[in-house]
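Subject: Handover of a two-chain model

Dear colleague,

Please find below the structure that I am handing over to you.

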Amino acid sequence: MSELSWQEAVEHIAQAASLDELKEWRARWVGRHGTITERMKELKALPPEERRARGYELNQAREAILEALAAREATLKDLGEAANLEAERWDLTLPGRQPEVGLLHPLTRVRRRIEDVLLRLGFSLAYGPQVETEWYNFEALNIPPNHPAREMQDSFFVDIPGMVLRTHTSPVQIRAMEQHQGRLPVKIIAPGLTYRRDDDATHVPMFQQVEGLVVDRGISVADLMGTLTAMAQELLGPSTKTRFRSSYFPFTEPSLEMDVTCAVCQGRGCRVCKDTGWVEILGSGLVHPTVLRNGGYDPDQVSGFAFGMGVERIAMRLYGLDDLRLLYQNDLRFLLGFRHQGGLR
Amino acid sequence: MLVSHRWLGRHLDTIPDSDTVRRGLEQLGLEVVSVRPFGEDFQSIELVEIERRAPHPASDHLAVVTIRRARGATVDVVTGAQNGQPGDRVWYAPPGARLPDGRVLETRAVRGIASPGMLLSGEELGYQAPPGDLWIWPQSDPVGTTFLDAVGGADVIYEVELTPNLAQYLQSMRHLAAELGALWNIPLVPLTTPFAWNNAAVAEVKAPDRCPLYALVELTLKPGAVSPLWLQTLLLAVGQRIIHPAVDVTNFVLWDLGQPLHAFDAERVKGPLVVRLAEPRETLELLDGTAVELTPHDLVIADQEGPVALAGIMGGTRAQVDARSTRIWLECAHFVADPIFQSYKAHRLPTDAALHFGKGTDPAMVFLAPQLVVEILRDADILEAIGPSVLRGQLPPQDTISWDARRISQLLGVAWEEEKVRTALVRLGYHIEGGTVVVPRYRHDVSSLYDLAEDVARFYGLEAIQPRLPVQRTELARRDARHLWEETVRDLMTSAGYTEVMTRTLVNPKAEAPYVAGDRGELVRVTNPLREEESVLRRVLLPSLLEVVRFNRARHNLPIRIFEVGSVFSRRGDAVEETQELAAVLGLEPVPAFPLHLEPSVYDLTGLADFLLQRLGWAGERRPWSLVPSFLHPGRSQEIWVNGHPVGYVGELRPRLAESYRLKRLGVLVIRWPEEIRVSPFRPVRPSRFPEVERDLSLVIGDQTSYEAVHRVIWDEAGDLMKSLDVIDRYEGAFGVSLTVRMTFQSEVTTLTDEAVDALVAKVVNRLSNIGVSLRQ
């Protein structure tokens, strides 16, 4: 072995196949009894001149060997790691583990969107009971007992005299005005469940409405049209166009219905919009003077506008649904499908 | 309501095309459901002259008739008609023509002779014609004239959706035409002159507050007459049947002027007629054959023997006009709307007359309608004589509104000059004198400036108003704190992996009852439910969710992890409490999944309860309960308390119930909103900079010992230096149950020594032995 020169040793080290072999090389050349270590011990016996030259030479050899050992060790470690990692390869085409997060019901998402848009327009949230007195549900809203409009809203009655399941969220108009006790402005929206005796593809006996009410000095039809158009564009997209038509509701005067451009045909006319290019989306109007009076406001001094819309109808438009009943069937296959709705949280 | 283009045209100097009319109707606030042509089929029916008539060689009843068509062509047609002689002009439907009943004609062999099309009777055309099998045409129209030309040309029918306030147009062509004419500035054709009454004592009014105007006139008609063709055509166009001239003309006036009329057979009544309230228990047999029992709220027309009509709603059979009637009493009245509405609702008789009177009519028409009837009958040569007549009562006063054009503009949000506002109203029939607006008598819907604003808006069209956002004092929009909790809970539940469902609040009382825990008050019952399964307002939410489980399990095997935040109702006396409840259901069955099977258990739900209370900050806890309701597993359920009150529970559904929902085991969690919500204060803590020391203990605990007892003892003994206590393993062996707990110690002020910690642990172990808990060897 010792017939090898240190330069040859460096070459062997650079070729070493394993860390164990490196360990042997280290022991043989620079270990406690290694060749160079032993030679260095012999230096003491040499004359000073020769000792210096020989010492210099041995040190150089030692440095070179250590360097070669370190270099080869690093290389071998890298190769070993790579081999180990290769052995640890996993099949990442297997399904990943998704965080388990549930989904909000589509109607909750749509209601929140509506609330969000209107909150940004300065409307506060207000609420009222679902089992409502006939006074709040009808009389206070200018629907006296013999009024033909009671036929428009086929009501569920309960076994408590004078009470009904509210047929709309409009009674909250009166309740909100009462709570404001004459203060201005009144600016509220009232989301909530409402009930009518209807059951088919476009009507369910229980449904959600969002009511809106603004009362202040100088409120006009122009304010109503501007507010509802802003809301529609924020809710349904900036390219949405609105159109208002005269209508009739007992608690508004004038009464207006708002149409928006049909989402299916973009206003060109199709089966969904009966070739008109428009789809009705909500009812509205200036608050009827009798209703203002019943809420404690003087219709000669102030005025207001109100609107009411069905959350389901907006949801059907936003999601392109044609059967309302799906929304209340609670089929998980349908509900879990909404995990794909990135834009509609 | 069906509106005829030609009929509207009778009232206007000129009438624009049907597209303009449609838009006009919409501008008035009417929804036009459909627009369709009327009379198209009449285009192929033609007038022919009979040249020859020969008996059919194979039949005694049939004849072969040779007819001459336009341009001299002749055709042989087989007919069974007895009339139709050479020289007569008759209506002929050639092959391909369609009759009003839907039949399409073709060439048919009748007993061996080909017969192309057929010769028509009046009835086959939908009309009433003079007696005879074929309609022998009396006019001198040339051969080849189409039936469409004979009846005055094609018509367009607009189907209009009625809103309950249609009072302003009185469901009348005249009033619709008036509004449309106002929009387009087209003058109206003047109406007829008032009828001249001869003040005979044929009627009296005993209830003038219910009937401000009552007119009666006796008319004698020529026997066997039929209504004029133009009138029949208009009535057919708007879907009315042709019955008898006396009835047809009243129908015509009803839709023309919005004025219901009624005809009595004068031979069958013993006058004078009296307008009075019904006597209690008086009865009346109506035209439709039903008998009604009247009440003193009903207004009747009576003769000397009793009621002959339910006023403004329907006549009785006793004085009914029929085909033989020639002397009739024609009634024309103005009734107050509300009581008529109530009467027809009470008796469920929404007749055309009731729907007009019940929404309010134009009292001025009482003066004109009888004259219109007389003129129509006279022109058609049906009227023999006018007999005694009378008008009782007077026109009601007109309503007035203070004139304020500025306020109207303000309500609309426009800066229109007074003149512009005035123009709209005047054109719509209002009189503005000084500071007062006089409202036309037929506008029962107008009582304030708001109504005038609506008319002005309709007149100029809503697109004339420039939309804007309101300028107001800025106020912060607020959310309601109590309802915000609902949203927070929804978000927490979805973040915990549960999917929201939404169920109906109306439920089946039988399905709800077994799941009512604690005092939930009485049920609120719907008195007119759509079905028994949706007849009460739920007091608890859980059964609704369990139904969702059943529905889904019947269809697929998706894991059940659902929740709802919804309303529940409790009745106490006549008061109804409405609260919010959270219910969650977890299917307790292994969910096969890569890379790890999930094994949901009731611990997922107890943990969920703690998670919710912690995140909400509600001061709450789980407690064992002494009397577990029978729908829950007695060994795996706990109550949830908040602010010292029970608010819900968490646990496993009794397994045999779970099975009825198609799952072996179901975990449930219910939390009802506490009456008062107090949030526990929280302050963040700066972490200690000294090291933590951990000690694990494996404890053997007895069957009767709960972890809660172990937990309490450890916390009591370990003192402030222990920062956390976790269960890290549970193991069951021959020795019983073993729990491994990990205690973590840390000081805020110094590095803890092993000796100090060991001393604390020794104290803990010693105290645990007092409750029968030992270290596992």
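The notes below describe the chains, their contact, and several sheets and residues.

Please bear in mind throughout that this is a predicted model.

**Chain A**

The secondary structure of chain A consists of 12 helices and nine strands. Its C-alpha trace spans about 130 × 45 × 40 Å along the principal axes. The radius of gyration of chain A is 42 Å, whereas a compact globule of 345 residues would have one near 20 Å. The chain is divided into domain 1, residues 6–87, and domain 2, residues 106–340. The centres of these two domains of chain A, taken over C-alpha atoms, are separated by 88 Å. Of the 345 residues of chain A, 40% count as buried. Among the contacts in chain A with a separation of 6 or more, 66% are between residues 24 or more positions apart.

**Chain B**

Chain B has 19 helices and 38 strands. Along the principal axes, its C-alpha atoms fill a box of roughly 135 × 80 × 55 Å. For chain B the radius of gyration is 43 Å, while a compact globule of 777 residues would have a value near 28 Å. As in the other chain, the buried share was computed: 40% of the 777 residues of chain B count as buried. Residues 24 or more positions apart supply 69% of the contacts in chain B with a separation of 6 or more.

The division of chain B is into domain 1 (2–35 + 160–184), domain 2 (41–150), domain 3 (203–393), domain 4 (401–464), domain 5 (481–672) and domain 6 (693–775). Between the centres of domain 3 and domain 4 of chain B, taken over C-alpha atoms, there are 35 Å.

**Contact between the chains**

On the side of chain B, 74 residues are in contact with 69 residues of chain A. Helix H12 of chain B, residues 449–460, gives the most to the side of chain B that touches chain A, with six residues. By class, that side of chain B has 31 nonpolar, 22 polar and 21 charged residues.

**Strands E3, E4 and E5 of chain B**

Strand E3 (residues 46–55) and strand E4 (residues 63–68) of chain B run antiparallel and are joined by six bridges. Within this pair, Ala54(B) is opposite Val64(B) in E4(B). E4(B) also pairs with strand E5 (residues 74–79) of chain B, in the antiparallel sense and over six bridges. Here Ile67(B) has Val75(B) in E5(B) as its bridge partner. E4(B) and E5(B) form a hairpin with five residues between them, and Arg71(B) in the turn has a positive phi of about 60°.

**The three-stranded sheet of chain B**

Three strands of chain B form an open sheet in the order E22-E24-E23, with antiparallel pairing. Strands E22 (400–402) and E23 (431–433) of chain B stand at the edges with a single partner strand each, so one side of each has no neighbour in the sheet. Neighbouring strands of this sheet are turned by 25° against each other on average, direction ignored. E22(B) pairs with strand E24 (residues 436–438) of chain B in the antiparallel sense over three bridges, and Val437(B) in E24(B) is the bridge partner of Ile401(B).

**The seven-stranded sheet of chain B**

An open sheet of seven strands in chain B has the order E25-E29-E30-E34-E33-E32-E31, and its pairing is mixed. Its edges are strand E25 (499–500) and strand E31 (620–623) of chain B; each has a single partner strand, so one side of each is left without a neighbour in the sheet. Strand E30 (residues 575–587) and strand E34 (residues 666–672) of chain B pair in the antiparallel sense over seven bridges, with Gly587(B) opposite Leu666(B) in E34(B). Helix H13 (residues 481–495) of chain B lies across E25, E29 (561–572) and E30 of chain B, and runs at about 150° to E29(B).

**Leu25 of chain B**

Leu25(B) is placed in helix H2 (residues 18–27) of chain B. Leu25(B) counts as buried because it has 22 C-beta neighbours inside 10 Å, the cut-off being 20 or more. Not counting residues up to four places away in sequence, Leu25(B) touches Leu30(B), Val32(B), Tyr158(B) and Val160(B). Between the C-alpha atoms of Leu25(B) and Ser121(B), which are 96 residues apart along the chain, there are 37 Å.

With kind regards

Methods:
Residues numbered from 1 in each chain as written. Chains lettered and ligands numbered in written order. Predicted model: local features only at pLDDT ≥ 70, side-chain atom pairs only at ≥ 80, totals over all residues. Pairing = 2+ DSSP bridges. Helix = DSSP H or I, 4+ residues; strand = E, 2+ residues; numbered from the N terminus. Axes fitted to C-alpha atoms, helices over the stretch in contact; angles between N-to-C directions. Domains from an automatic or database assignment. Contact = placed C-beta atoms within 7 Å. Nonpolar A, V, L, I, M, F, W, Y, C, P; charged D, E, K, R; others polar. Rg over C-alpha atoms; globule rule 2.2 N^0.38 Å. Buried ≥ 20, exposed ≤ 12 C-beta atoms within 10 Å, placed from the backbone.
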